[in-house]
Amino acid sequence: MEFITALSRYILPFLGIVLLSRCIMSLLLGHPKEKIYAYITDMHTGERHPLNMWETSIGRSNSCDIIIRYKAISRTHAVLSRRIDGWYIYDVGSKHGIKINGKRVDEKGTLTSGDRLTFANMDFRFDIIDDPVQRVGKTTKKGTPTKTKQKQKQQPQHDFYTQPRMVNPRTGEVFILDGNRVSIGVAPKTDIRLAGRGVSRSHCELILYEDGWAIDDCGSTNGTFLNGRRVTSPQLLFDGDVISMGTETLKFSIRR
């Protein structure tokens, strides 16, 4: 008992010093900075409103995330949404409507960086600062191949909202697949550039066939693997498939 009492005399002050030092470090370092994905800027006053959430409400009401004190603006005028496909704006029943680059929005519109937004008769500029969604790929002169080497179940056609994409689980990047060929590797000219160990300069390629996207190795040093199996010829991709290259992985997705 005396031993425990004597030991506690040293342990408790030590723990107190550790806790105090952690508190001091937290105060010195401050809170982590809030991540800003985009801005909308009042083109008349120059005031910038940061967009740091996936859903941002805009209107005259105090309950909105961005409050615009102007009588022509509805209490809840619009909602800006960041989705895996990109950025959207929704008209939530505003009285005087929304326009994108002068064109009236019917319920929902798609946004790109630099677009001019008009709420009633107030103009704002929309600018993307940091967004993980990219469009990648190119169309070759040869056009789209007609079939793969292996016959598999034909995949359905996709609209914009279910457009095929590759997702990097490590970085959160989303690559919307355009064109009919997408190159992957560490070289600067590749469409999807990776930085992991074991990835070749031109490691593999995504090819769009009539029956869907397929993966093919480009003679990489360490090989390309589809769901754990080495790729030796073009293999069709289906929702949820995982492609491994060295220490990097990409997931194929066609869901919303």
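So, strands β3 and β4: in this predicted model, β3, residues 55–59, runs parallel to β4, and 2 bridges join them. If you want to find that spot on the screen, look for Ile58, whose bridge partner in β4 is Ile66.

On to the packing. The largest nonpolar core has 23 residues, and Ile40, Ile89, Leu117 and Phe119 have the most contacts inside it. Several strands supply at least two residues each, among them β1 (38–42), β5 (78–83) and β6 (86–91). The biggest contributor is β11, with 3 residues. Click on Leu117 and you'll see that, leaving aside residues up to four places away in sequence, Leu117 touches Ile40, Ile89, Leu111 and Phe126, among others. There is also a second, separate core, this one of 21 residues, including Val136, Leu177, Leu206 and Met245.

Last stop, further along the chain. Strands β22 (residues 242–245) and β23 pair in the antiparallel sense over 4 bridges, with Ile243 opposite Leu250. Together β22 and β23 make a hairpin with 2 residues between them, and Gly246 in the turn has a positive phi of about 60°. And β23, residues 248–253, also pairs with β13, residues 165–167, again antiparallel, over 3 bridges. There, Arg165 stands opposite Ser253. Thanks, everyone!

Notes: Residues numbered from 1 in each chain as written. Predicted model: local features only at pLDDT ≥ 70, side-chain atom pairs only at ≥ 80, totals over all residues. Heavy atoms only, no water. Pairing = 2+ DSSP bridges. Core = buried A, V, L, I, M, F, W, Y, C linked by side-chain atoms within 4.5 Å. Buried < 20%, exposed > 50% of the residue type's maximum accessible area, 1.4 Å probe, protein only. Contact = heavy atoms within 4.5 Å.
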